[in-house]
Amino acid sequence: MSRLAVCSEMVYTELPHLDRVTRIHDAGFAVEIWDWTEKDADALVATGAEFTSMTGYVTGDLITPGGADDLLRTAEQSIPFAQAIGCPSLNLHGTGLGDGGMPVRPVDVVTGDMWLAAVRTLSRVAELGERHDVTFVLENLNTEVDHPGTPFAKAADTLALVSAVGSEHLKMNLDLYHAQIGEGNLAELIRRAVPHVGEVQVADVPGRCEPGTGEVRWPFIARILADAGYDGVIAMEAFASVPGTEGSDLALARFHEAFTL
């Protein structure tokens, strides 16, 4: 049975971060975080929460020599924090994301040489994960709405890269919100990708709010994931459609209902 988690960066936003973590934990969910450099590991542990994912690098990209070195350096710096809070998955993107989710190094056309460079960089990341017994997960994004110019954005791209590396320490973070916008055909995507998936993230489309507020039939998706043999983390990385604490409570309840078989 999958473990349900909630991203603490997008709900209860009127509260201090540690209070958000506590609310999510008290509701029975695991917790995901983004930038670890702004957080206190001891304070997070003191909440009693289970942490399933965090951003696993600070700067860098997959395709330039300097960017790859930065990504590896800051990924290695991220590991002690992940170990301190007991977080097994460290999340990566095709390039660093800046203000508003915009790529730090946008790319108009992804060339063959860029693909080869990305495989080399991710192979180094997988080796780093193996040395420290952690798993890095490569997240697909969408370029149509949220992250224009991000290379290797589609789930088909992250699946191809992870498959090419072929390591248990590099998996996909299959973000179904981004995939619905960029590719659709979620059921077939899930069936194809599940052997390579280390985490699943969800939000409804349009709006990036909780399941039940948009066009995706989430109970159907939950069944497809289960039938495909996926029993890992499913995380709601979504805003609450209704403002305020009660709205976030409702969002968590809707998420739980959608993914409780």
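The buried residues of helix α5 are Ala155, Asp157, Thr158, Leu159, Leu161, Val162 and Val165, where buried means under 20% relative accessible area, exposed means over 50%, and partly exposed lies in between (1.4 Å probe, protein chains only). The model is predicted, so local features need pLDDT of at least 70 and side-chain atom pairs count only at pLDDT 80 or more, while totals for chains, interfaces and linings use all residues. Residues are numbered from 1 along each chain as its sequence is written, and side-chain values use heavy atoms, with hydrogens and water left out. Helices (H or I, at least four residues) and strands (E, at least two) are DSSP runs, numbered from the N terminus.

Helix α5 covers residues 155–165. Its buried residues pack against α4, β5, β6 and α7 (186–193), with contact taken as heavy atoms within 4.5 Å. An α-helix has 3.6 residues a turn, so residues three or four places apart point the same way. After α5 comes Gly166, which has a positive phi near 65°.

Strand β5 (residues 135–139) has 4 of its 5 residues buried, so this strand is largely enclosed by the rest of the structure. Two strands are said to pair if DSSP finds at least two bridges between them. Strand β5 pairs with β4 (residues 89–92) in the parallel sense over 4 bridges, and Phe136 in β5 is the bridge partner of Leu90. Strand β5 is also joined to β6 (residues 170–175) by 4 bridges, and these two strands run parallel. Here Leu138 stands opposite Met172 in β6.

One right-handed unit is made by β4, helix α4 (residues 112–132) and β5; right-handed means that, with the strands pointing away from the viewer, the path from the first strand over the helix to the second runs clockwise. Strand β5, helix α5 and β6 also make a right-handed β-α-β unit.

Several loops hold backbone features to be set against a general rule. Most residues other than glycine have a negative phi, and most peptide bonds are trans. Phe152, in the loop between β5 and α5, has a positive phi near 55°. Phe152 counts as buried because its relative accessibility is 4%. Asn185, in the loop between α6 (176–182) and α7, has a positive phi near 50°. At 57% relative accessibility, Asn185 counts as exposed. The peptide bond from Val205 to Pro206 is cis, with omega near -5°, and Pro206 is placed in the loop between β7 (197–202) and α8 (218–227).
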